[in-house]
Amino acid sequence: MSTSTVTEHDPHRISSRYEMLRLLRRMLDDGLLIQMQGPHPHISVVTTLMDIDLDAEHLIIDCASHDAINQQFLEAGTADFETSIDQVKVQFSTDHITATYFEGKPALSIDLPEFIRRIQRREFFRVPVPVSNPATCALMLSPPPRVLDLYGISVGGVALLDKNRQVNC
């Protein structure tokens, strides 16, 4: 879905400049992979955010490895972007793409988005349990107790992992 058609009443819409820059900075700092989709389904690449230029109000995006694909994006002038931050889908779009250089290499420049969509489908965020210090949970369903690995914790409950299929559901 194109983020450019989203209404102002969208509950996932973020238009606070501070919050948008926080999300963009996270994409940049973590080197997150971003799906860049053109107006046609066959124009799609995986890219990364290379720089946030606040003076020019632009984002610098790594370009595709093939010039023909970059040319298609430049001619279309529009693209939708999607990534995931902490298992939460983040989307934004642009109606203006230009060719540029970043640190001497070809890149693409887009305007800072007017808004970003952050789509968290859960009411409560789930926190994974560290693998280096695993936790378990003993269920007293019937003797003997069933010991299961704790997979995640949230305000809404816990997720347990039954690797040995001890519990019949």
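Colleague: In which helix do aspartate 30 and arginine 26 both lie?
Modeller: This is a predicted model. In it, the side chains of aspartate 30 and arginine 26 meet in a salt bridge, at 2.6 Å from N to O. The two residues are four apart, about one turn of the helix, and the helix that holds both is H1 (residues 17-30).

Colleague: Is arginine 26 buried, exposed or partly exposed?
Modeller: Buried means under 20% relative accessible area, and exposed means over 50%. Arginine 26 has a relative accessible area of 29%, so the class for arginine 26 is partly exposed.

Colleague: How many residues apart are aspartate 86 and arginine 26?
Modeller: Aspartate 86 and arginine 26 form a salt bridge, with the closest N and O atoms 3.0 Å apart. Aspartate 86 sits in the loop between strand S6 (79-85) and strand S7 (88-94), while arginine 26 is in helix H1. The pair therefore links distant parts of the chain, and the separation is 60 residues.

Colleague: Which residues do salt bridges that share partners join into one network?
Modeller: Arginine 26 is bridged to aspartate 30, and aspartate 86 is bridged to arginine 26. Aspartate 30 is partly exposed at 42% relative accessibility, and aspartate 86 is partly exposed at 41%. The network joined in this way consists of Arg26, Asp30 and Asp86.

Colleague: How many salt bridges does the structure hold, and how far apart are the closest N and O atoms of arginine 117 and aspartate 10?
Modeller: The structure holds six salt bridges. One of them pairs arginine 117 with aspartate 10, where the distance between the closest N and O atoms is 2.5 Å.

Colleague: Where do arginine 117 and aspartate 10 lie, and are they buried or exposed?
Modeller: Arginine 117 is in strand S10 (residues 116-119), and aspartate 10 is in the segment before strand S1 (13-14). The pair links distant parts of the chain, 107 residues apart. As for accessibility, arginine 117 and aspartate 10 are both buried.

Colleague: Which element gives the largest share of the largest nonpolar core?
Modeller: The largest nonpolar core has 29 residues, and Leu24, Met27, Leu49 and Leu59 have the most contacts inside it. Elements that give two or more residues to this core include strand S2 (34-37), strand S4 (49-53), strand S5 (58-62) and strand S9 (105-111). The largest share is six residues, and it comes from H1.

Colleague: With which residues is methionine 27 in contact, leaving aside its neighbours within four places in sequence?
Modeller: Methionine 27 is among the residues with the most contacts inside the largest nonpolar core. With neighbours within four places in sequence left aside, the contacts of methionine 27 are Leu32, Ile34, Leu49, Thr83, Ile85, Val90 and Phe92.

Colleague: Why does asparagine 70 count as buried?
Modeller: Asparagine 70 is placed in helix H2 (residues 67-76). The cut-off for buried is under 20% relative accessible area. Asparagine 70 counts as buried because its relative accessibility is 7%.

Colleague: Which residues form a nonpolar patch on the surface with about 230 Å² of accessible area together?
Modeller: Isoleucine 153 is found in strand S13 (residues 146-154) and counts as partly exposed at 42% relative accessibility. Valine 158 lies in strand S14 (residues 157-161). Among the contacts of valine 158 beyond four places in sequence is Ile153. The patch is formed by Ile153, Val158 and Leu160.

Colleague: How far apart in space are valine 158 and cysteine 137, C-alpha to C-alpha?
Modeller: In sequence, valine 158 and cysteine 137 are 21 residues apart. In space, their C-alpha to C-alpha distance is 9.9 Å.

Colleague: What is the radius of gyration of the protein chain?
Modeller: The protein chain has two helices and 14 strands. The globule rule gives 15 Å for 169 residues, and the chain is well over that, so it is more spread out than a compact globule. Along its principal axes, the C-alpha trace spans about 70 × 35 × 30 Å. The radius of gyration is 21 Å.

Colleague: What share of the 169 residues of the protein chain count as buried?
Modeller: The protein chain exposes about 10900 Å², with carbon and sulfur atoms supplying 52% of it. The share of residues that count as buried is 33%.

Note on methods: Residues numbered from 1 in each chain as written. Predicted model: local features only at pLDDT ≥ 70, side-chain atom pairs only at ≥ 80, totals over all residues. Heavy atoms only, no water. Patch = residues over 30% accessible without salt bridge, like charges linked within 9 Å, V, L, I, M, F, W, Y side chains within 5 Å. Areas by Shrake-Rupley, 256 points an atom, 1.4 Å probe, with all protein chains shown as cover. Salt bridge = Lys/Arg side-chain N within 4 Å of Asp/Glu carboxyl O. Buried < 20%, exposed > 50% of the residue type's maximum accessible area, 1.4 Å probe, protein only. Core = buried A, V, L, I, M, F, W, Y, C linked by side-chain atoms within 4.5 Å. Contact = heavy atoms within 4.5 Å. Rg over C-alpha atoms; globule rule 2.2 N^0.38 Å.
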